[in-house]
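Please look through the sequence and the model below before reading on. The paragraphs after it go step by step.

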Amino acid sequence: MPETSRPTQMHFFADLDVEILEQVDTVDETAPPASLWHDAWQSLRVRPIFWVSAFLILLVVVVAAVPRLFTSTDPSYCDLMSSYNPPGPGHPFGFDRQGCDIYARTIYGARASVTVGILTTIVVVVLGAVVGALAGFYGKWFDSLLSRITDIFFAIPLVLAAIVVMQVFATHRNVFTVVVVLGVFGWPQIARITRGAVMSVKNADFITAATALGVSRSRNLIRHVMPNAAAPIIVTATVSLGIFIVAEATLSFLGIGLPTTIVSWGADIAKAQTALRSQPSVLFYPAGALALTVLSFIMMGDAVRDALDPKARKR
Amino acid sequence: MTETTTTNTATEPLLAIRDLEVSFTAAGGVVQAVRGADLTIYPGQTVAIVGESGSGKSTLAHAIISLLPGTGRVTGGSIVFNGVEVTRASASEIVAMRGKQIGLVPQDPMSNLNPVWKIGFQVKEALRANGIDASRATRSTLTSAMLHDELGVDVAPDDDDLYLGRKAKAALLAALRTAITAAQGAEAADAVVDRASSALRVGATTRSEVLTILTAAGLPNAGATVASHVKGADLTDRVAGLLSEAGLPDAERRAKQYPHEFSGGMRQRALIAIGLAARPQLLIADEPTSALDVTVQRQILDHLNGLTQELGTAVLFITHDLGLAAERAEHLVVMYRGKVVESGPALEILKAPKHPYTQRLVASAPSLASRRIQSAKAAGVVATDLLAPTAGEGPSGTADHVLSVANLTKVFRLRGARPGSHTDFTAVDDVSFEVQRGTTLALVGESGSGKSTVANIILNLIDPTEGKVYFDGTDMSTLGPKDLFAFRRRVQPIFQNPYGSLDPMYSIFRTIEEPLRTHRIGNKASREKRVRELLDMVALPQTTMRRYPNELSGGQRQRIAVARALALSPEVLVCDEAVSALDVLVQAQILTLLNDLQAELGLSYLFITHDLAVVRQIADRVCVMQTGKVVEYATTDEVFDHPQRDYTRELLEAIPGSKLDVFGNASA
Amino acid sequence: MAWYIGRRLLQMIPVFLGATLLIYFMVFALAGDPIAALGGERGLNPAVAAQLREHYHLNQPFLVQYLLWLKGLLTFDFGTSFSGRPVRDVMAGAFPVTIQLAFVALFFEAVFGIAVGLVSGLRKGKLFDSTFLIVSLVVIAVPVFVIGFTMQFLVGVKLGWLPPTVGGNVNIRTLLMPGIVLGSVSFAYVLRLTRTSVAENMTADFVRTATAKGLTRRRVVTVHVLRNSLIPVVTFLGADLGGLMGGAIVTEGIFNIPGVGNTLYHAIQQSEAPTVVSMVTVLVMVYIFANLLVDLLYAALDPRIRYA
């Protein structure tokens, strides 16, 4: 078919005004430098869910640190005379069965939960990240050994193991025994995640390039691999913080967590069980405070995950 | 058959796109991906869209079958296909159009087949979804129309168009065997049956063709026998037929396999079978072969070309390679940043590009450049400005080999399924070559040729099983850890993927400074001075050093990688596919940079690539590898002018544009 | 395939030995003398105590104790509890109950988790998705015992739809509410996992190719998106089976179900060391085998996995 019969397919060219080339390969020299963390921050700061959870976390931490700022009532002062009394001036949530002020107990209960959550997470991240990083980076028999050890601790359910050990510690239960127990049985998850992240980073070209420069293996692991494997560890750690708070509450609920001398949400919830029928508010406040705390950490984890997700960032 | 749509006359476009605008809504606002594009395709015509990444070429193609990803929307203009306005068509109209009228062969064969379903199932789906009668060959509307016009014949369903089924094939072959054995003996029968068996393709050979083949094979009373057996194919037969039409050998067995059991080329053939399954009038081929080796690419495109011509299918071919586009299409559309900057007959554009962008593209495309050098040489023109500047002049006899490799062999031990069992895989097999100081040696080969393994051995990242690497005459295997550390300064790598070779957590300053710091060179101030110097050397502004890799384009990152490699003033750079991932124009810029640096600093390059076209522009000597072995080792001119081995010739022919005769009489 | 299973079984041996050693250590060694704890306030008759120590090899070195116990375990001899009842009988009473409960929970989380997750994934960012995303977050954040109380109170006591406690009356009707409570957290995880996986697969290249073939959306979703998205979900469900059985302590306590969790909890409180060790061991084995099953299932679902 001759070209002439196709009027729409003549040789056409656009005006010569199209911006060309040189600028394709130029840098915007005015913009501030943007590291990955900077990028992640940029995408975090526009998300309401981040600000909501950040505010809640901050609030809970402050409450845990200085509960006196929020109430002047002694949580351990209980007067049976005011058992199940409704809310009144200075006692916005009313009283529980023993006649303790529910508001004060809810405020003071934060400390146990937050301390256990944060300390356990630190223990777990240190243990898990070290084991996972070594297993993932050095591989071979070393990986087999560490992975089997991880499997052993993974195979025993966290709460079950904690109950068995806490029963042993019956005489000296405190925040630190709970942290040690949860930490010792809680690290395998972080270890697995770290191992996977390290394995996916260690074959990247920039690691090979660093090796070719003469950077040693251990330095490579610390300086290049770990910073790039940090994102999933941070996300998992944030979410686990919430999960550990739940675990502590569960132990206290079962009566083998923190001793009754320490005010804790889990123990208060357990006590409220019997009164649920007539006095739902006794259950509602500690349970609500606990749920809100855990929720804020999980939401934070979600928000950070989205911000650090390389797939979401690229393009 | 209700397949009586508008019969196109050849002057009426099959597809007409006018003023098309496509935008994406992103966090930062609306991004226009296509800005007022025009495109026309006539029935049976092949049109190519050429553009770099981000030019909007794929977006344009996806808009045609309304497959825009995510937030993509057509915001203006029109797409008229066969008289139907696609932008206003209902969802069900579009579903009806997909597959049946417009087929798609997507870009990446690795990700475009569902890994959990068998190949045959995925092809069968395309037949089922479009209600295709698998039993007989359907003629495309174009062929029917032409037959109607030219011969005045109305095309009625004809039993001669019935496909051969697998049971019929077995029965016919048995009949043939009996007949031939009776007439000529068992031995002759084996040969005849084998030949007939490979000629008869289940689900693809029609009854009339079967008759021809079997008559030729010597089957007595072939007409009646064939008519009684060939009753049409079922879906499974037709799937095998489609796959074998797409050039997949042993299609019946292959249809029962999963995608991961296929090589890239085979997957692409399966995708072509899917795209053409419902005999569409238009096939959109979106970079169908850019992920494949050049020789496979060539085979597949040749095959696709033949198939679409036979079926009268129009093709919209999308590619980044101008040479490839010009070779495969009669009409070119050049896109840049969402706009069509030039369109017209392919040869006209190659010979006389009007738009400055097209002009640069024509000047930079490696395939065209290497052709141009060849043509210039053939015409007796001394095209020095086109060739790599050679620092180490002439064969002066004083062989100064900065790097030499002798009898290098690397065997990888692959663990088998059983404990303790393993298979040995020889990735590099007895490879020897030398790199003369100040020159470039290109190591060329397709995937699996072992070229990257050689690079890793030279970089001392893995140990060879056998053989030696000599650097400046020193046997590398004798070096202790301390000497090895010092050696690292003298040989540096540049990798293929500019997105993976820079640590995203390091600023550009830290990235370039790292080698200096690692080797304890200078103090903080002198190191910073050196970093600035290096940035100047690779033609990036010094302010870049405060930035992070994710802020830079692919070309800029590759410049950073070059700067880092140069930080320790090495003597040899190992460039492992260093420009393969870059867009054509950026690729040309990096190649120029490498050439300039070589002239300036007297560097020696080991340039590892799959792309012979690039080799012509940069290398002094070429070493061609195939499955771990060196098949040819000579100067670049010798390899290009007088290739000694079939494999090298095949590689050379696979450079796109080999069929073009553009530069023979054109002034370069 | 056979080699793969063999290798996996081989890998299980050190995990099994390590886990049982750890459990045995926690129960028998960490606690000091388990017999001393038995007598309570008054203390045990010294003769009886000595007899018990002899019977449980408590005067042998720790490792010998463990090996003797392991030897019994291999012949399915779980020993007798301090109170004289064969541990095997104790377990035979408890395990069937918990297995039923775990399957109710698994069924609930699988069916609802996948269904809701699929719809959420297909309508990412829409109202349905946001609603259930919040629901899933709340379910994860609220401790299971609070959910348990609340449901028990509302559904069981106030509305009277389902029996609030189980007691000796174990059947599907009584186990329905405890099952839902037990599976609630996993339901949230299944929902989120399915949602992410579906949304990711919806943008996969092969889904676009399937659409380009001319398939209807319904077929694209069921054939290409759902099947691929279920691979990680099924893996999670398999691994969760072990977790559900071990994690039923709280739920069984609230609803008074005579299952493993309840029995175990009481055994722990009464320092019934032999019972505790054996039950936890069986739970660990369930977990390990569930994981093996998951690996095999994974290989069956995803043809890319090779047995190497």
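Predicted model: local features only at pLDDT ≥ 70, side-chain atom pairs only at ≥ 80, totals over all residues.

Residues are numbered from 1 along each chain as its sequence is written, chains are lettered from A and ligands numbered from 1 in the order in which they are written, and side-chain values use heavy atoms, with hydrogens and water left out.

The size of an interface is often given as the accessible area lost when the parts come together. Between chain A and chain C about 3,400 Å² is buried, 81% of it on carbon and sulfur atoms; buried area here is the accessible area (1.4 Å probe) that two parts lose on being put together, summed over both. In terms of contact (heavy atoms within 4.5 Å), 36 residues of chain A meet 40 residues of chain C.

Across this interface the rule finds 1 salt bridge, defined as a side-chain nitrogen of Lys or Arg within 4 Å of a carboxyl oxygen of Asp or Glu. Its partners are Arg192(C) and Asp302(A), at 2.7 Å from N to O. The pair crosses from helix 10 of chain A, which holds Asp302(A), to helix 8 (residues 172–202) of chain C, which holds Arg192(C); helices are DSSP runs (H or I, at least four residues), numbered from the N terminus. Both residues, Asp302(A) and Arg192(C), are buried, a word that stands for under 20% relative accessible area (1.4 Å probe, protein chains only).

Over all chains, the structure holds 38 salt bridges. One of them joins Asp268(A) and Arg105(A), whose closest N and O atoms are 3.1 Å apart. This pair links distant parts of the chain, since Asp268(A) lies in helix 9 (residues 265–272) and Arg105(A) in helix 3 (residues 102–138) of chain A, 163 residues apart. Asp268(A) is buried, with a relative accessible area of 9%, and Arg105(A) is also buried, at 8%.

Asp151(A) is buried, with a relative accessible area of 18%.

Definitions and conventions
Helix = DSSP H or I, 4+ residues; strand = E, 2+ residues; numbered from the N terminus. Buried < 20%, exposed > 50% of the residue type's maximum accessible area, 1.4 Å probe, protein only.
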